[in-house]
Amino acid sequence: MTPAAREALRKSAAVVGYKRYIDLISPLIAGKEVLASGMTEEVDRVKKALDLARAGRVVSVVSSGDPGVYGMAGLVLELNKDDGVDVEIVPGITSVNAAASLLGAPLMNDFAVISLSDLLTPWEVIEKRICSAAEGDFVIAIYNPRSKKRIEQLVKAHEIVKRYRPCETPVGIVTNAFREGQSVTVTDLAGLPDEEINMLSIVIIGNSQTIRNKDRLITSRGYQTKYSASF
């Protein structure tokens with residue numbers, strides 16, 4: 001959480017969000033009006049938040065990570081197209097950045113971030129994006145890789161990437177980055193342990209320039225090629 005996000009919460013009279021995220025920040029919002037609800041209730045949450053704001057309240061709509069990366073910022077703006085409420089998007093640290101820092105430097109060159117959740121995006125579209133990213137030699141960061149009900153998507157994504165990349169391609173898996181229960185695993189494409197991955201995991205698959213140095217992943221930015229005398 002950034003200092004700006006903490007300050008936004010401090011200034012808010014009301015806080016609205018998914019129950020899991022509300023629970024994570026409960027010490028910071030004691031004494032405030034709190035509206036928490038479950039999955040698939042995002043539209044209703046945002047409408048309630050906008051109603052409170054139109055009534056003159058300062059309201060925070062909570063996301064995990066960064067609100068503009070698979071978060072609530074887009075929905076808030078979509079439902080506030082009449083500009084009736086003054087909206088400020090407060091940046092956070094998205095999971096891909098947090099996970100990358102624990103793995104080393106896997107995002108030093110072009111990368112693609114793809115969510116495997118097909119709740120809002122058709123699987124055919126997701127599959128096409130995975131193919132394009134793999135063929136284009138992007139480092140691939142995967143959000144929402146696996147849930148209790150949705151287990152086949154990661155298996156399919158794994159098979160797609162293996163068509164374009166050797167089995168020894170470095171892979172990093174981070175679960176609960178910078179939270180209780182954090183785990184960090186460095187492996188390769190052949191050893192990707194599908195069953196140990198869940199919705200709180202980020203999977204980062206290296207490209208042709210990614211190397212493994214002990215438990216660190218490093219994707220070359222190109223300095224060694226351009227300035228070979230310095231290495």
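**Exercise 1.** Is Arg 10 buried, partly exposed or exposed?

*Solution.* Before we start, note that this is a predicted model, where local features need pLDDT of at least 70, side-chain atom pairs count only at pLDDT 80 or more, and totals for chains, interfaces and linings use all residues. Residues are numbered from 1 along each chain as its sequence is written, and side-chain values use heavy atoms, leaving out hydrogens and water.

Step 1: recall the classes: buried is under 20% relative accessible area, exposed is over 50%, and partly exposed is in between (1.4 Å probe, protein chains only).
Step 2: Arg 10 has 54% relative accessibility, so Arg 10 counts as exposed.

**Exercise 2.** Find the salt-bridge partner of Arg 10.

*Solution.* Step 1: a salt bridge needs a side-chain nitrogen of Lys or Arg within 4 Å of a carboxyl oxygen of Asp or Glu.
Step 2: the partner is Glu 7, with the closest N and O atoms 2.6 Å apart.
Step 3: both residues sit in helix α1 (residues 3-11), three residues apart, about one turn of the helix. Helices (H or I, at least four residues) and strands (E, at least two) are DSSP runs, numbered from the N terminus.
Step 4: Glu 7, Arg 10 and Lys 11 are linked in a network of salt bridges.

**Exercise 3.** Describe the surroundings of Asn 80.

*Solution.* Step 1: Asn 80 lies in the loop between α4 (73-79) and α5 (95-103).
Step 2: its relative accessibility is 4%, so Asn 80 counts as buried.
Step 3: leaving aside residues up to four places away in sequence, Asn 80 touches Leu 50, Arg 54, Val 85 and Val 87; contact means heavy atoms within 4.5 Å.
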